[in-house]
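Please read the points below alongside the sequence and the coordinates. They are set out as a colleague's note, one topic to a paragraph.

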Protein chains: 2
Amino acid sequence: MCKSFTRYVSLSSGLLRSFNKISGLVVAVARKRVQDTVNNYGFMQLNKSFVSADDVAKRAGVSRSAVSRTFTPGASVSEETRQRVMEAAQALGYHVNQLARGLMRSESGIVCLVVSEMDTPYRARLVRALTHELQTAGKIAMLINTDRSDGSVDAALRQTLHYRADASILLSGLPDKAITRLCLNSGQRIVLINRDDDIDGPFRINLDDGQAARVAVSAFLRAGCRHLAFANSDVGTPSLMARERGFIAAAAEFGLEVTVVRHGNTVYESGRKIAQTLFTEPKRPDAVFCVNDLMAFGLMDGARYDFGLNIPEDLCIVGFDDIEQSSWTSYNLTTFSQPVDEIVKSSVAWLQSDATAGRVRSANLHAPLIWRKTIRNKL
Amino acid sequence: MCKSFTRYVSLSSGLLRSFNKISGLVVAVARKRVQDTVNNYGFMQLNKSFVSADDVAKRAGVSRSAVSRTFTPGASVSEETRQRVMEAAQALGYHVNQLARGLMRSESGIVCLVVSEMDTPYRARLVRALTHELQTAGKIAMLINTDRSDGSVDAALRQTLHYRADASILLSGLPDKAITRLCLNSGQRIVLINRDDDIDGPFRINLDDGQAARVAVSAFLRAGCRHLAFANSDVGTPSLMARERGFIAAAAEFGLEVTVVRHGNTVYESGRKIAQTLFTEPKRPDAVFCVNDLMAFGLMDGARYDFGLNIPEDLCIVGFDDIEQSSWTSYNLTTFSQPVDEIVKSSVAWLQSDATAGRVRSANLHAPLIWRKTIRNKL
DNA sequence: CGCTTTTTTGCAAGCGTGTGCAAAAGTTTC
DNA sequence: GAAACTTTTGCACACGCTTGCAAAAAAGCG
């Protein structure tokens with residue numbers, strides 16, 4: 001029986017509602033397929049009834065294989081049948097069921113993005129760019145929020161397995177090695193962005209934090225700064241710690257010590273708090289490298305409004321990420337730019353690379369310093 | 001043949017690589033199932049080989065149905081078999097294939113979020129909150145980026161159909177009615193957040209923009225402002241236009257005219273630009289309602305740094321959205337708060353509501369004014 | 001213990017697709 | 001026009017799961 005385009009259930013006088021009250025068995029049976037008839041009650045839409053390839057085949061007068069082949073690039077179909085199939089599909093509003101296709105091809109087209117606090121400017125930008133790039137690569141992004149603390153990265157990767165994702169991209173947290181291995185063994189590909197992990201198999205993208213730290217130190221020195229400080233969170237992510245270590249090491253090369261303050265999360269308020277402790281100290285720093293732009297903003301506001309300091313005259317600041325707000329006139333922050341485009345491109349390229357080929361393991365990207373107004377030119 | 005826990009392919013001396021070169025047919029056959037053997041070459045992972053319910057059943061010595069029932073809440077399984085199944089599943093790393101389950105249940109558990117420019121603070125917050133809420137409701141979010149201009153909202157909804165999403169939530173753009181209807185007819189539920197549409201079927205969430213505009217006017221009046229202006233983008237989204245109309249109307253009630261400036265997108269730079277045109281005019285406004293916090297920031301920076309105006313002494317400003325940056329000391333923006341939590345809760349609640357019940361059509365939410373420092377207390 | 005009632009279990013059909021295989025149809029060649 | 005080839009087509013099985021149905025096992029009962 002050919003199902004037509006508009007699908008309404010014809011159930012006179014509210015019979016549909018009573019379906020809910022009777023046993024689950026009957027509901028289940030009734031749910032399956034309902035033939036079309038003219039609706040004389042209330043134009044109630046039928047719950048769940050996508051049009052299938054069978055419907056299209058019937059309407060076009062061909063076999064179901066023909067329909068499948070029409071929508072499979074490179075398959076053998078004559079131009080004539082393709083036309084007829086397309087026409088019928090159009091009329092019926094047919095869309096290939098990717099779930100079923102994924103089942104057959106064992107390739108769902110789904111890529112999971114695992115991320116927490118995704119409303120953070122840098123993360124949001126990354127997610128946006130990733131989804132876009134994935135889409136143009138013919139994949140689709142599934143977003144898994146790991147805001148909850150209870151081992152949720154592991155739970156996220158489990159979700160990833162449930163949906164037979166082709167790959168997972170981790171922007172936050174670090175999963176248990178056992179789970180990672182499980183994913184890898186299931187044929188999933190894993191990309192780790194800015195998280196360090198010694199497990200073999202995932203593609204790791206990292207920034208050259210040490211180099212950036214060195215650049216920061218020399219920029220401060222050229223500006224005549226002598227009392228360096230480093231504002232960090234106590235999140236302790238490897239990349240954040242790498243910046244800290246790198247900064248301390250680079251400063252040491254010039255015989256300078258660094259005052260390190262760690263507080264809270266990598267957010268505005270933490271920067272604000274750090275300003276409090278940093279500028280009430282006896283030897284006030286004249287240069288601060290903030291692990292993060294958000295913290296830099298907090299620090300700047302603290303310095304300006306709580307201590308009346310002028311930036312960059314009294315105080316030079318460098319941030320990291322180059323989020324949009326950094327270019328706003330109120331901040332005009334000199335900061336290291338996350339190479340979001342490169343990160344995204346190399347991730348997706350790796351996902352599409354041949355699995356059996358000698359696989360690249362990691363990428364090390366450079367974060368250039370964007371000069372604005374928070375470091376003075378000369379002493 | 002029972003597949004064991006660790007799955008490595010044993011192919012001595014690089015045979016695997018040569019697979020690529022031979023005909024597609026052989027590859028396809030080889031891809032299917034490969035028996036386990038000890039790997040004596042290089043620990044190459046087998047591409048794509050999730051463990052299935054069959055494997056678990058075999059290991060646990062029960063039927064496949066038993067496995068299925070173990071993972072189906074409310075199904076009838078004895079405690080003993082459940083134990084054995086769980087144990088086997090654990091050992092094998094089994095995860096129910098949601099794609100296949102969705103195929104049977106015709107309920108994928110997928111909810112699509114259709115959004116453009118998702119790195120905008122307000123949108124990012126909404127996406128974060130939505131994904132979180134959906135996850136706790138047992139759904140999973142699929143993110144569809146509609147940044148490209150070419151009718152991409154329609155394309156997005158097509159994707160939605162491809163993946164048999166249970167529902168779509170539109171945060172950006174507005175789809176063609178035909179597509180919307182197609183989705184609805186396929187049994188999909190649609191939520192429109194802050195986009196107006198006269199089509200019947202979707203759940204529409206809107207803010208009371210008119211009321212907010214009235215509040216803004218009276219706040220300005222109480223502060224002694226007399227020259228009101230409205231800073232808008234020329235995006236022309238219904239909700240943005242509603243704010244504009246509401247503001248003009250409310251001002252008119254007090255016999256005041258409003259200078260309206262529209263420019264570009266709803267971003268910082270546009271606010272900056274608008275400041276240029278607004279403050280070079282002969283009769284400079286002393287109060288500006290910005291359609292958006294981002295534009296408000298741009299306007300504030302323009303007013304302060306290009307024109308040396310003091311806020312709120314010379315100029316009062318109100319924004320809309322209450323994004324995180326609004327509370328930063330540099331801005332301290334008095335603004336209307338998007339009730340993100342309410343939006344999210346009501347959306348997800350509606351998605352879970354009974355389809356056959358008398359369905360609610362829309363929600364009208366209130367955006368309260370958050371008082372900070374950009375409106376002076378008294379004249 | 002035998003009977004009835006309840007719970008558990010396996011079988012098999014089906015969800016919507018892709019695809020190898022062989023048959024059918026079309027095309028070229030002599 | 002027949003033989004040799006190529007392209008197109010339909011059949012049927014597979015993917016991994018859910019679930020109605022009936023048979024089997026367990027439990028309750030007099």
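**Notes on the model**

1. Leaving aside neighbours within four places in sequence, Asp306(B) is in contact (heavy atoms within 4.5 Å) with Arg272(B), Gln276(B) and Asp301(B). Asp306(B) belongs to helix H13 of chain B, residues 293–307, where helices (H or I, at least four residues) and strands (E, at least two) are DSSP runs numbered from the N terminus. With a relative accessible area of 37%, Asp306(B) is partly exposed; on this scale buried means under 20% relative accessible area, exposed over 50%, and partly exposed in between, with a 1.4 Å probe and protein chains only. Phe279(B) is 27 residues from Asp306(B) in sequence, and their C-alpha atoms are 9.4 Å apart in space.

2. On the basis of these values: this is a predicted model, in which local features need pLDDT of at least 70 and side-chain atom pairs count only at pLDDT 80 or more, while totals for chains, interfaces and linings use all residues. Residues are numbered from 1 along each chain as its sequence is written, chains are lettered from A and ligands numbered from 1 in the order in which they are written, and side-chain values use heavy atoms, with hydrogens and water left out.

3. Chain A contains 14 helices and 12 strands, and buried residues account for 55% of its 379 residues. If one takes the contacts in chain A between residues at least 6 apart in sequence, 70% of them join residues at least 24 apart.

4. In chain B, the axes of helix H3 (residues 53–60) and helix H5 (residues 79–92) come within 9 Å and cross at roughly 120°; axes are lines fitted to C-alpha atoms, for helices over the stretch in contact, and angles run from 0 to 180 degrees between N-to-C directions. H3(B) and H5(B) are therefore oblique to each other, given that angles under 35 degrees count as roughly parallel, over 145 as roughly antiparallel, 65 to 115 as roughly perpendicular and the rest as oblique. On the H3(B) side the contact is made by Asp55(B), Val56(B), Arg59(B) and Ala60(B), and on the H5(B) side by Arg84(B), Val85(B), Ala88(B), Ala89(B), Ala91(B) and Leu92(B). By class, this contact of H3(B) with H5(B) has seven nonpolar, no polar and three charged residues, where Ala, Val, Leu, Ile, Met, Phe, Trp, Tyr, Cys and Pro count as nonpolar, Asp, Glu, Lys and Arg as charged, and the others, Gly among them, as polar.

5. The buried residues of H3(B) are Ala53(B), Asp55(B), Val56(B), Ala57(B) and Ala60(B), and they pack against helix H4 (64–70) and H5 of chain B. After H3(B) comes Gly61(B), whose phi is positive, near 70°.

6. Helices H8 (residues 152–162) and H9 (residues 177–185) of chain B have axes that come within 10 Å and cross at roughly 15°, which makes H8(B) roughly parallel to H9(B). Asp154(B), Leu157(B), Arg158(B), Thr160(B) and Leu161(B) of H8(B) meet Ile179(B), Leu182(B) and Cys183(B) of H9(B), and the residues of this contact divide into five nonpolar, one polar and two charged.

7. Some backbone geometry may deserve a second look. Most residues other than glycine have a negative phi, and most peptide bonds are trans. The peptide bond from Ile311(A) to Pro312(A) is cis, with omega near 10°, and Pro312(A) lies in the loop between helix H13 (293–307) and strand E9 (316–321) of chain A. Glu117(B), in the loop between strand E1 (110–115) and helix H7 (121–136) of chain B, has a positive phi near 45° and, at 28% relative accessibility, counts as partly exposed.
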